[in-house]
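Hi everyone, thanks for coming along.

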Amino acid sequence: MSSARFVRPSPPAGSSAKKDRTTARTATSLAPTLATAAAKLRRRFGARLLEEKESFGELTFVIAPGDWMRVLAFCKTAPDLAFDQLDCLMGDHLPERADTPFAVLAHLTSHVHGHRLRVKTFLAEGGPLPTVTGLWPSAGFDERETWEMFGIVFQDHPDLRRLLTAEDFRGFPLRKDFPLEGNVGGRVRTDLRGKI
Amino acid sequence: MNDAIDSATIHAREADSTSPDTPPRPNVEQLRERKARTRQHLETGGDIMTISMGPQHPSTHGVFQMVLDLDGEVIVDLRPEIGNLHRGVEKLCEHRTYHQIIPLTDRLDYNSAFAMNHGFCEAAEKLMGVEVPPRARYIRTIAHELSRLANHILWLGVHIMDLGTQTFFVICFRDREYVLDLFEMLTGARLTHSFARIGGVAKDLPDGFEQRCRKVIEFLPKRIAEYERIVKHNRIYYKRAKNVGIFTSEDCYAWRVTGPTLRAAGVARDLRKDEPYAAYDEVDFEVAVEYNADVYDRFLVRMKEMRESCKIIRQCLDGLPGGPYLARDAAHSLPVKRDVLRDSAAMIQDFYQVFQGPQAPKGEVYRAIEVPKGEMGVYIRSEGGAKPARVRFTTPSFYHGQAMPALSIGETVPDLVAIFASVDVVLGDCDK
């Protein structure tokens, strides 16, 4: 079949050339301030940073859920890191990871240095995580959304209610086992009496 | 609306309102102090009335509910309730190929649909390593700035309408038509364009577009001067907007409020300059910054941005390079439609891209761009293949709606209308 030509997207020579270009861009685009910040994080937390990954010019640190608050607080307050803005806090579901199938990712931005960092942690189902609304108030909606979409509980969150879906919605829609068409049939059930 | 007073009077009044030795550009401490002065913190021992503003209130521009606790007319507490327009875009994205996601992004922020397409395509191209040809980058810049113009003109009309005038709204809508006509010529659609493609744009510039676009960007700065003549020195607008809704740069960082609201707080943060994409590093423009962090300065920032947008479009039209408008990348991007009917390889590529989809490598990327409302980030995690495993749209309105309590507690209800309009929330963008 002619389409077989396209199943493997590019010939080996072309793909290696592309890979070279990508890695070259990755190597150059990691800002010196971010390298300093990463060194500082490594010095402070050492083996507590379970994994460090650099891809597409972005730096990712994987940490244990127990260190979530401590690492993020350090990221915000240390002057060499100075991540004063939480760009996005989000959940993810990876069913292939048997014991810790859920992930929470925080994308941090620094207005002082202009660099970005991703901090990631893997959790068991519903596995509680401390809230970071005390560090960045903007995490409030993000954590509510992560809770309603994945069922990840954020301890001490000031207002952990459903955000985007209806009050009486059942299930956690962004989990991979949740069907695209939903599970409540064709009727939207809303009974909001006494709930707001 | 012809209640205009000259700028000297306004500047004199502005000087009166602060002490004479205050420098013209307030710093964060001064703003914080001014914010404390303009907000009323009443004792909450009295009668608190709880009312629901929205979800169908005209000033919410959609379905945004604010549950207000009021002491007289002063807002003691505010709880934003969103989600009435939730369509599950992120879930839908996991079941579609990268090409099929582009029309979904139109519906996020329908006032600046191209900016949303552009943001998703930038992230997907970063993931797949697709090089965008120069002509496509320039066309994208033109379309992005046109969408910024359309968005800001609409914002202006609606903002002024919320503050009590109807005529100006119609004036703005008339001028927005010129921009939408350009979009119609360029993409065939007026609101939901789906014009960006992975690796470029859907079509080349049509015949006659350049002349017409030049006419519009010659004409719009005159209209912007007219808007300023009507609004900027208007006594009613000045009183409604000056020193209302002060939000310092620290507050903006904490609540992730970006875009014109951040720039009105004196921060020259613009991803078009800081993390350039498309052709923004090849054109010359200034980041619009104001320093008073109130509703009035957000208006001034948007007026400046519209002028800069016209400048960017003019430079792009002047320096528009030739060449293809879509990347020649058989694995990731669609072929040029004209070739599909003539060339068998292009036809195979078309079938492959439509039925199989682009083959992305494993990995995760986060790409943020500056859309008219603020910073929009797109996170994509791919496990290989044609469909993403997780997509997250970090849309500005989501956070701007969340910041409403911090923006407006201590202000009065009429000011709340001005503040809500000034941060520019679109509910399609907010509810995803």
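Let's start with a single residue. If we leave aside neighbours within four places in sequence, A:H107 has contacts with A:D87, A:C88, A:R116, A:R118, B:Y366 and B:G377. By contact I mean that the C-beta atoms of two residues, placed from the backbone, lie within 7 Å. You can find A:H107 in strand β4 of chain A. Helices here are DSSP runs of H or I with at least four residues, strands are runs of E with at least two, and both are numbered from the N terminus.

Is A:H107 buried or exposed? It counts as buried, because A:H107 has 24 C-beta neighbours inside 10 Å. The cut-offs go like this: buried needs 20 or more other C-beta atoms within 10 Å of the residue's own, exposed is 12 or fewer, and partly exposed is in between, with C-beta atoms placed from the backbone. A:C75 is 32 residues away from A:H107 along the chain, and their C-alpha atoms are separated by 11 Å.

Before we go on, some housekeeping. This is a predicted model, where local features need pLDDT of at least 70 and side-chain atom pairs count only at pLDDT 80 or more, while totals for chains, interfaces and linings use all residues. Residues are numbered from 1 along each chain as its sequence is written, and chains are lettered from A and ligands numbered from 1 in the order in which they are written.

So how confident is the predictor? pLDDT is its confidence in each residue, from 0 to 100. Chain A has a mean pLDDT of 79, with 79% of its residues at 70 or more. Among the elements of chain A, helix α1 (residues 4-7) has the lowest mean, 40, while strand β4 (residues 102-109) has the highest, 92. Residues 1-28 of chain A have pLDDT below 50, and this stretch makes 19 contacts in the model beyond near neighbours in sequence. Where pLDDT is low, the predicted coordinates should not be read in detail. Chain B averages 86, and 94% of its residues score at least 70. Residues 15-23 of chain B stay under 50, with 0 contacts beyond four places in sequence. For the complex, the predictor gives an ipTM of 0.83 and a pTM of 0.85.

Now chain A as a whole. Its secondary structure comes to 5 helices and 7 strands, in the order α-α-α-β-β-α-β-β-β-β-α-β along the sequence. Chain A has 196 residues, and 33% of them count as buried.

Take A:V153 as another stop, in the loop between α5 (139-150) and β7 (154-155) of chain A. A:V153 is partly exposed, because 16 other C-beta atoms lie within 10 Å. Not counting residues up to four places away in sequence, A:V153 touches A:G126, A:P128 and A:W147.

Where do the chains meet? In the interface, 39 residues of chain B are in contact with 33 residues of chain A. The elements of chain B that give two or more residues to this side include α15 (344-355), β7 (374-385) and α16 (396-402). β6(B) gives the most, with 4 residues. By class, this side of chain B has 16 nonpolar, 11 polar and 12 charged residues. Here Ala, Val, Leu, Ile, Met, Phe, Trp, Tyr, Cys and Pro count as nonpolar, Asp, Glu, Lys and Arg as charged, and the others, Gly among them, as polar.

Last stop: helices in chain B. Two packed helices are described by the angle between their axes and the distance between the axes. The axes of α6 (residues 134-162) and α7 of chain B come within 9 Å and cross at roughly 160°. Axes are lines fitted to C-alpha atoms, for helices over the stretch in contact, and angles run from 0 to 180 degrees between N-to-C directions.

Next, α7 (residues 167-187) and α8 (residues 209-232) of chain B have axes that come within 11 Å and cross at roughly 165°. Therefore α7(B) is roughly antiparallel to α8(B).

Technical notes:
Parallel < 35°, antiparallel > 145°, perpendicular 65-115°, else oblique. pLDDT = per-residue confidence, 0-100.
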